[in-house]
Amino acid sequence: MTNKVTKDQLTARSSMLAGAGIALGSILILFAARGDLWLDEVWSLFFAEAARTPGELFTVFKHDNNHVLNTLYLYLVGHQQHLIVYRGLAIGSGIVSLVLLRKIASRSGPVAGAIAVLLAGTSYPLLLYFSEARGYAPAAMFGLLAFLLLQECQQRFHPGRLVLFWCASILGILSHLTFVIVFLSLSIHILHRELSADR
């Protein structure tokens with residue numbers, strides 16, 4: 001006699017698996033964040049230490065390696081004995097990204113949310129980006145947040161969500177300029193949905 005798994009049981013098991021995936025991913029991110037800084041991280045740190053005011057990070061250091069939001073974070077934390085502190089923004093962004101990814105993927109079902117978290121939390125490229133003192137991790141986080149807010153606005157429009165979407169998009173661009181590609185993709189997505197709805 002086989003035991004049939006109910007929908008509630010499947011949801012509960014998937015939630016436990018997703019929680020375990022977020023915990024595992026967080027541990028792996030922290031583990032990957034140990035050790036010496038990479039050359040690009042040292043370069044970003046140089047910009048932060050050379051700036052006399054936060055405004056100079058926006059105006060003086062016009063360089064591809066100056067991911068403004070990350071460099072501003074490095075400027076604010078100042079000189080640190082423990083190198084992992086320099087990676088704090090990336091670590092936090094990586095962990096929040098896993099939570100956002102679960103929420104987005106769970107709209108296709110609880111199992112999808114758990115699988116998405118497990119895949120992302122054990123992905124070598126993502127673990128690398130989520131553990132480097134650069135702008136990739138916050139850009140990914142703000143990209144996921146912008147997408148989630150856009151989905152929620154489509155389901156039920158609220159001005160506050162739209163404002164948060166624009167804030168997430170601006171912070172994403174400040175995290176890394178390639179976020180413009182994400183913003184354009186989201187714009188095409190919403191335009192396609194609106195045109196399809198009019199037919």
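**Overall architecture and the first helix**

Of the 199 residues in the chain, 37% count as buried (under 20% relative accessible area, with exposed meaning over 50% and partly exposed in between, for a 1.4 Å probe and protein chains only). The structure is a predicted model, in which local features need pLDDT of at least 70 and side-chain atom pairs count only at pLDDT 80 or more, while totals for chains, interfaces and linings use all residues. Residues are numbered from 1 along each chain as its sequence is written, and side-chain values use heavy atoms, leaving out hydrogens and water.

The chain holds 10 helices and 0 strands (DSSP runs numbered from the N terminus, helices being H or I of at least four residues and strands E of at least two). Its C-alpha trace spans about 70 × 45 × 25 Å along the principal axes. Among contacts (heavy atoms within 4.5 Å) with a separation of 6 or more, 66% join residues 24 or more positions apart.

With 26 residues (7-32), α1 reaches 37 Å from its first C-alpha to its last, close to the expected 38 Å, a span defined as 1.5 Å times one less than the number of residues. The buried residues of α1 are Ser-14, Ala-18, Gly-21, Ile-22, Gly-25, Ser-26 and Ile-29. Their cover includes α5 (88-105), α6 (110-121) and α7 (124-129).
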